Amino acid sequence: MSTIDSLRRAFRAPWFTSAVTVALLVVMLLLGAVGYDGFLSPQVMLNLLIDNGFLLVVAIGMTFVILSGGIDLSVGSVLALSTMVAAWLLQTAHWHPILVIVTVLALGAAFGAAMGGLIHYFKLQAFIVTLAGMFLARGLCYLISISSITIDDPFFVAMSQTRIEFGGLFISPSVVVALAMLALGIWLAHCTRFGRAVYAIGGSEQSALLMGLPVGRTKVLVYAFSGFCAALGGVLFSFYMLSGYGLHAQGAELDAIAAVVIGGTLLTGGYGYVAGTLTGVLILGVIQTLIAFDGTLSSWWTKIFIGALLFVFCVAQRVISLGALRGKSVAAEKVPATG
C-alpha cells in the first residue's frame, strides 16, 4: 500500500478529526507561548479548567446524547434553572445545602428522562422536544424570580473560595468534580453495556433493535444523564457565581455542542470519544485566553473563532462520512458474485 493510499484511508477514518483536534490544541498553545509571555505557565493552564469546569460537565452529558444520534438544546436552560432552584431553596426555604444539591440533581435527571421518554415512546424529534425543554426551563427560572438571587450560604461560599493547593499552584473543587465526571463518562462509554448500547444506537437504531438491545431504556437514560450533568453544571456554576439567575449560561448548549463536535464526536452519532470532549473544551478555553492576553480584541471574537472552527469540523465530518460510504461501496463491488 502506497503512502498516498495510507493517507487517504487515515483521512477517511472517523478518528481523524480527534487527531486534528489534539494537533490544533498543541498548535494554539505553541502560538500563545510564542506571542505572549507567561501563556504556558502552569497556573494559566489550570485556569482553563477552573473557568470551564461547569462547561466540561455539561459537555460530557451532551457527548452521550450526540453519540446516541440525538441532540439536547435544553442543557443551558436546565443549568440556569438549577442555579435558580438552588438559590431559592437556600435563601428562601433555608434548606440544608447538601439536600439542595441532591434535589437539584434529581430534578435535572428527571427533566432529562422526561424528554427522553417523549422522544422515544412518542417518536418525536429530539430537536423539537429539547427546544421545548429549553424554553420551559428558561421560563421556569422567571417564575421563581425575575432578578438575580444572591447566595450567601456558608457551604456554597466555602466551595467558591476554597483552593486546593499543590506545589505553589491551585485548583478549585469544581475542577475535581469535573475531572471525576470525565473519568465516569469514559468508564460508562467504554467499559459498560450502557456505553456499548449508546454507540450501537447512534450507529443504527434499527440494527440495535434487531440485536435485542434495550433501545428505549438506553435513550431515556442518555437524556437523564444529560439532564443530570446540566444540573451538576448548574451547581458548579452556583459555586462560581454565588447566585441564581435566569440569564445565566445563555448559549451554553451551543458551547457544549461545539466542544463535543470539535472534540471529534460525529454529529450523526455512533462514533467519538468522551476524552475528546475535554480537548474540545480546552480549545474553547484557549481561544478565550488568547483573546484575554491580546487585550485589543472584543470578546465577540471568541464566538467568531468558535463558529469558524465548528464549520470546518462539520465539513470535515461530512467529507469523512462520504469517504467511508464510498469506500464501502467500492469494497462491495470487488466482492465476487456467488451462486
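Just past helix α12, G264 takes a positive phi of about 105°; helices here are DSSP runs of H or I with at least four residues, strands are E runs of at least two, and both are numbered from the N terminus. The structure is a predicted model, where local features need pLDDT of at least 70, side-chain atom pairs count only at pLDDT 80 or more, and totals for chains, interfaces and linings use all residues. Residues are numbered from 1 along each chain as its sequence is written, and side-chain values use heavy atoms, with hydrogens and water left out.

Buried means under 20% relative accessible area, exposed means over 50%, and partly exposed is in between (1.4 Å probe, protein chains only). Among the buried residues of α12 are A252, D255, I257 and V261, and E253 is on that list too.

Although buried, E253 has no salt bridge, and the nearest side chain of opposite charge, R138, is 4.7 Å away. A salt bridge calls for a side-chain nitrogen of Lys or Arg within 4 Å of a carboxyl oxygen of Asp or Glu; as for charge, Lys and Arg count as positive, Asp and Glu as negative, and His and the chain ends are not counted. Setting aside residues up to four places away in sequence, E253 touches M62, D72, L73, V75, G76, S77 and M134, where contact means heavy atoms within 4.5 Å.

Next comes V78, which sits in helix α4 (residues 75-91). With a relative accessible area of 5%, V78 is buried. Its C-alpha is 9.6 Å from that of C229, a residue 151 places away in sequence. Neighbours within four places aside, V78 is in contact with G108, F111, A137, G227, A230 and A231.

On to the rings. An aromatic pair is described by the distance of the centres and the angle of the planes. Rings of Phe, Tyr and Trp (its six-membered ring) pair if their centres lie within 6.5 Å, and planes under 30 degrees apart count as stacked, over 60 as edge-to-face and the rest as tilted. Searching the whole structure turns up 11 aromatic pairs. In one of them, F155 and F156 have ring centres 6.1 Å apart and planes at 75°, so the pair is edge-to-face. F155 counts as partly exposed at 29% relative accessibility, while F156 counts as buried at 1%. For W301 and F305, the ring centres are 5.7 Å apart and the planes lie at 35°, so this pair is tilted. These two residues are 4 apart in helix α14 (residues 300-334), so about one helical turn separates them. W301 is partly exposed at 36% relative accessibility, and F305 is partly exposed with a relative accessible area of 36%. Elsewhere, ring pairs link Y36, F39 and F293 into a cluster.

One ring also has a charge over it: the charged end of R163 sits over F170, 4.1 Å from the ring centre. The criterion is NZ of Lys or CZ of Arg within 6 Å of the ring centre and within 35 degrees of the ring normal.

For the protein chain as a whole, there are 14 helices and 4 strands. Buried residues make up 48% of its 339 residues. Of the contacts between residues at least 6 apart in sequence, 79% join residues at least 24 apart.
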